[in-house]
Every structure is written in structure tokens, then in C-alpha cells.
Amino acid sequence: MLIIKYPNKILRKKSKKIKHFNKKLKKITKKMFNIMYKNNGIGLSAIQINIKQSIIVIDINKKKKNNKIILINPKIIKKKKYITSKEGCLSIPNKIIKIKRYKYLYIKTYNIYGKKIFLFSKNLLSICIQHEIDHINGKLIIDYEK
């Protein structure tokens, strides 16, 4: 399965919330991690592989044990302080954009079993979560260009 590249209109679609937490969801997240690692990424949204569901996988430490994060239907609850960083995107190769994001995030999300969880993040993890949440809302890094 390939990563969808800009300007494909699929990347502008809003993802649908997950309602069923089942084996299919587990297979999707496993496939997403494999694709993300193969493409040397640290985060991937399901929409980037043409699955229009609110699923995000993240591993900012790249393949170190127990650092995989799966976010289902994530929602930002609190955000604090700004940080500016340079971001790239697997769907927009060879493009790096300086973006101002929140340094600290508190989100509500679900795990692959349907259990509601709350997650606090900071720095790179916070930036990655915001980047991927943008994807599930149809927003891309090029939308931040001035």
C-alpha cells in the first residue's frame, strides 16, 4: 500500500470517527506502522493510505520497544505555549515548512480496544500529534505557508 501524495484530493477529506473496535482495526494499525517505518516517518494518519478513518500511529523513537502510540478519534482538550519547528510530510516529499505549534498538549483519545485514554505530550510528540490531527481534518503543512 502506497502513501497518497499531494495534490491528491483524498488528503483534503475529513476522516470519520471509529465506531467499531475490532480485529480489522488492529490489522490497519499494524499495516500503518509498517508503512510508516518503511518510509522513514514518525507519524502516519490513515487518510494518507486512503483509509478515511480517524486513526493515527506515531513512533517518534523509531522502532524502539514500547514507544508505539495509536490514537483513535483523538481530540485536543488543552494546549499551552508555542514552539516553532521545521516539519516535513510523507504525503508532500521534499517540502519542509516552519510551523508554529503548541508545545504542550493534553488529548482525549481511544486505544485499539475502545478504552478512552488521556495523554499529555510535549515537544516533538506534541508537534507530531498536531500534524497528524491536521491530516484527519484535511489540513496539510502547506496550509501554514505564508
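Predicted model: local features only at pLDDT ≥ 70, side-chain atom pairs only at ≥ 80, totals over all residues.
We have five strands in an open sheet, ordered 1-2-3-4-5, and the pairing is antiparallel. Look at the edges. Strand 1, residues 43-45, and strand 5, residues 116-122, each have a single partner strand, so one side of each has no neighbour in the sheet. On average, neighbouring strands are turned by 40° against each other, ignoring direction.

Now to strands 3 and 4. Strand 3 covers residues 69-89, and strand 4 covers 92-110. They pair antiparallel over 13 bridges.

Next, the helices. Helix 2, residues 123-136, packs on the sheet. It touches strands 1, 2, 3, 4 and 5. Its direction makes about 115° with that of strand 3. Helix 1 is residues 23-38. It lies across strand 1, strand 2 and strand 3. Against strand 2, residues 55-58, helix 1 runs at about 45°.

Last, the lysine. Lys80 sits in strand 3. Buried or exposed: which is Lys80? Its relative accessibility is 57%, and the cut-off for exposed is over 50%, so Lys80 counts as exposed. What does Lys80 touch, leaving out residues up to four places away in sequence? Tyr102, Lys103 and Tyr104. Finally, a distance. Lys80 and Tyr110 are 30 residues apart in sequence. In space, C-alpha to C-alpha, they are 22 Å apart.

Methods
Residues numbered from 1 in each chain as written. Heavy atoms only, no water. Pairing = 2+ DSSP bridges. Helix = DSSP H or I, 4+ residues; strand = E, 2+ residues; numbered from the N terminus. Axes fitted to C-alpha atoms, helices over the stretch in contact; angles between N-to-C directions. Contact = heavy atoms within 4.5 Å. Buried < 20%, exposed > 50% of the residue type's maximum accessible area, 1.4 Å probe, protein only.
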